[in-house]
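The following paragraphs go through one chain, from its overall build to single residues. Please keep the sequence and the model in view while reading.

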Amino acid sequence: MLWFEVDLPATQQDKRSRLDRLGIGSGHLRFVAADFTVDPVAGLLVSTGLDPGRPSLFLLEGVAVYLEEAVLRSLLAQLRRIAAHGSRLAISLSVNSASPERAARRAAFQAAVAAVGEPARSVVEAADAGTLLESTGWRPAGEPGTGSKAAHAGFIVAEPADVPPA
Ligand SMILES: C[S@@+](CC[C@H](N)C(=O)[O-])C[C@H]1O[C@@H](n2cnc3c(N)ncnc32)[C@H](O)[C@@H]1O
């Protein structure tokens with residue numbers, strides 16, 4: 001099985017240096033240095049060896065929150081175009097909540113990441129997560145543990161919708 005690791009060039013270089021320094025093998029990984037705001041990520045993944053004819057798992061954990069909504073939409077639509085039938089998208093979103101406790105936790109998180117120079121750039125209303133998926137060619141996969149509760153907690157598993165985005 002092949003794994004593709006996608007990150008900003010400088011961050012990825014730092015990750016690779018750490019792996020080397022610690023002697024952790026990465027022969028099973030393909031590294032794709034890309035900035036989602038400008039780079040054609042789907043094309044880069046394919047040219048690095050991802051087979052768009054076979055199912056893939058796309059994992060975006062703790063990434064969407066750092067992207068403007070338009071960048072996130074473009075990224076999801078690109079991934080959909082290389083997602084064969086049977087693929088899955090697992091994505092965590094920063095979901096708005098009426099709960100004061102969760103709102104306080106989110107505000108603390110936003111202050112902390114802004115302080116280290118990587119501000120949160122998007123928050124998706126729980127009710128809008130479906131629209132975000134639909135407009136980018138995905139739909140909730142409806143697998144156990146991935147229903148509305150998981151979406152409320154900000155984690156969604158989706159599958160390719162029948163019609164890819166335009
Ligand atoms: C909280 S970390 C999540 C890390 C991820 N779950 C992992 O295990 O590597 C957020 C990641 O998003 C990356 N990121 C933020 N903006 C990006 C962009 N425009 N293009 C590509 N990656 C980006 C950051 O460099 C960082 O590695």
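Helices (H or I, at least four residues) and strands (E, at least two) are here DSSP runs, numbered from the N terminus. The model is a predicted one, in which local features need pLDDT of at least 70 and side-chain atom pairs count only at pLDDT 80 or more, while totals for chains, interfaces and linings use all residues. Residues are numbered from 1 along each chain as its sequence is written, and side-chain values use heavy atoms, with hydrogens and water left out.

The chain contains six helices and eight strands. Followed along the sequence, these elements give the pattern β-α-β-α-β-α-β-β-α-β-α-β-α-β. The C-alpha trace spans about 45 × 40 × 30 Å along its principal axes. The radius of gyration is taken over C-alpha atoms, and the globule rule is 2.2 Å times the number of residues to the power 0.38. For 166 residues a compact globule would have a value near 15 Å; the chain has 17 Å, which agrees.

Relative accessible area sorts the residues: buried means under 20%, exposed over 50%, and partly exposed in between (1.4 Å probe, protein chains only). Of the 166 residues in the chain, 36% are buried. Contact means heavy atoms within 4.5 Å. Among contacts in the chain with a separation of 6 or more, 71% come from residues 24 or more positions apart. Accessible areas come from the Shrake-Rupley method with a 1.4 Å probe, and for residues only the protein chains shown count as cover. The chain exposes about 9,500 Å², of which carbon and sulfur atoms supply 57%.

For charges, Lys and Arg count as positive and Asp and Glu as negative, whereas His and the chain ends are not counted. The place of a charge is taken as NZ of Lys, CZ of Arg, CG of Asp or CD of Glu. There are 16 positive and 18 negative side chains, and the centres of the two sets lie 3 Å apart.

The expected span of a helix is 1.5 Å times one less than its number of residues. Helix 1, residues 9-22, has 14 residues and reaches 20 Å from its first C-alpha to its last, close to the 20 Å expected. Just after helix 1, glycine 23 takes a positive phi of about 70°. Further along, in the loop between helix 1 and strand 2 (29-33), comes histidine 28. Its relative accessible area is 42%, so histidine 28 is partly exposed. Apart from neighbours within four places in sequence, histidine 28 is in contact with Met1, Leu2 and Trp3.

Helix 3 covers residues 69-81; its 13 residues should span 18 Å, and its end C-alpha atoms are 19 Å apart, which agrees. Which residues of helix 3 are buried? They are Val71, Leu72, Leu75, Leu76, Ala77, Gln78, Leu79 and Arg80. Their cover includes helix 2 (41-47), strand 3 (57-60), strand 4 (88-92), helix 5 (129-135), strand 7 (138-140) and strand 8 (155-160). Serine 74 also lies in helix 3, but counts as partly exposed because its relative accessibility is 34%. Proline 164, in the segment after strand 8, is 87 residues from alanine 77 in sequence and 7.9 Å from it in space, C-alpha to C-alpha. Proline 164 is partly exposed, with a relative accessible area of 42%.

Helix 4 has 16 residues and reaches 22 Å between its first and last C-alpha, close to the 22 Å expected. Leaving aside neighbours within four places in sequence, arginine 106 is in contact with Ser94, Val95, Asn96, Ser97 and Val123. Alanine 108 has its place in helix 4 too and is partly exposed, at a relative accessible area of 49%. Alanine 108 and leucine 72 are 36 residues apart in sequence, and their C-alpha atoms are 23 Å apart in space.
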